Amino acid sequence: MISLGGVIGTGLFLSSGYTIHEAGPLGTVIAYLVGALIVFAVMLCLGELSVAMPYTGAFHFYAKKYIGPSTGFVVAILYWLTWTIALGSEFTAAGLIMQKWFPHVPVWIWSLACMILIFLSNFFSVKIFAESEFLFSAIKVFAIIAFIILGLLAIVGILPVEGFSHAPGFANFYQNGWFPNGFGGVFTTMLTVNFAFSGTELIGITAGEAENPQEAIPSAIKTTLWRLVIFFIGSIVVMAALIPYKVAGVTQSPFVYVLNLIHVPFAADIMNFVVLTAIISAANSGLYASTRMLWSLSNEGTIPKAFQKTGKNGVPTLALIVSMLGGIFALISSKVAASTVYLVLVSISGLAVVIVWMAIALAELNFRKQFLKEGHQLSELKYRTPWYPVVPYFAFIASLLSCILIWFDPTQRVALYYTIPFVAICYLIHYLWRNFGKKVEEVEE
């Protein structure tokens, strides 16, 4: 449920409309199916690593051990930045939704209330975080299942649909041609689709704090694909069948649009509540993930040991506070430097998750090779990535292609301009610190 909580967010509830508009109905279904396969392949790679080495804040540890120390550092920084930037945007979004119900209360008050709620959920104990995340996820899952059922009833004509005197069926899929904007839209929207799926890898972050990772992690991974297919593909099919592709993503959430079409009472209020839940859930998961990533960096000696210290409830307090401050900085920069600082941060975080997926796949390839070279047998692994090495190679190459293909979308191309130099600078800083910073420390000692 924590993994689902991380993945079902504004990427599905809001951004899916943009994908339908750009790729067309059938193109969107294909893009999300490919995205589901990519993320499932990444999860299969992560499964073997996290069961063999259950470690809190795991990605950075695997990348450091099986790719290189500098790559481990870059992966940690990118993933921390991704969730921290997300925190800032989630706080704003929560305030804007609350203002729709309470128009006379300033947005910043609701944003502040959301910050306090999320901070306290993470501060007191991992158990409180997990139970609150379970509740938030359950609301989202129930809402999506209800949406799919209502949508299917409308598609076959059991529920009346505004503007139709007959069952709409799946005419939207072919009446403007199978790919109204050309097949290229499927490829250029892949980064948006991958961003919508980001969060599933949270299973790896939680590995070190799971009671029985050898059973819990494989179980979660096995159910990931069919859940993604049901929730994402099911929702997309309903939306694509009922919303003309030219209208999708232009004015409002596609979920609200569909519910209004079939005259569901209080449709906008219901979906605003669900989206608010999704926002709080994503912020909850984001603060947890970014806190554990800082703890992990500290535990490995990359950043000061102070970030490693935990309170009575086992929560790394300083790492939590700094991650929260990072989210507040992102929130402030979105207001005072939206076209400069914030644009750079968002562009980098958009690509960051896909780069992390590439690192997971490459770490799995190197882990298996080293494991066998050391004289171990495959039977010793409690969980093995199936179809090795096809799955990790597919995960790596498909993730890489989704990064490269955004070059052909002018609106997303800017992400490459900022991310590539940022990654190069991170490598350079870590290289200099390892080769010169440590030597200075040793001389001083």
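Modeller: The axes of helix 5 (residues 69-101) and helix 6 (residues 107-124) come within 8 Å and cross at roughly 125°. Helices here are DSSP runs of H or I with at least four residues, numbered from the N terminus. Axes are lines fitted to C-alpha atoms over the stretch in contact, and angles run from 0 to 180 degrees between N-to-C directions. Helix 5 is therefore oblique to helix 6; angles under 35 degrees count as roughly parallel, over 145 as roughly antiparallel, 65 to 115 as roughly perpendicular, and the rest as oblique.

This is a predicted model, in which local features need pLDDT of at least 70, side-chain atom pairs count only at pLDDT 80 or more, and totals for chains, interfaces and linings use all residues. Residues are numbered from 1 along each chain as its sequence is written, and side-chain values use heavy atoms, with hydrogens and water left out.

Helix 6 also packs against helix 7 (residues 126-155), at an angle of about 130° and with the axes 5 Å apart. Helix 6 is therefore oblique to helix 7. In this pair, Ser121, Asn122 and Phe124 of helix 6 meet Ile128, Phe129 and Ser132 of helix 7, where contact means heavy atoms within 4.5 Å. The residues of this contact divide into 3 nonpolar, 3 polar and no charged. Ala, Val, Leu, Ile, Met, Phe, Trp, Tyr, Cys and Pro count as nonpolar, Asp, Glu, Lys and Arg as charged, and the others, Gly among them, as polar.

Notes. Helices (H or I, at least four residues) and strands (E, at least two) are DSSP runs, numbered from the N terminus.
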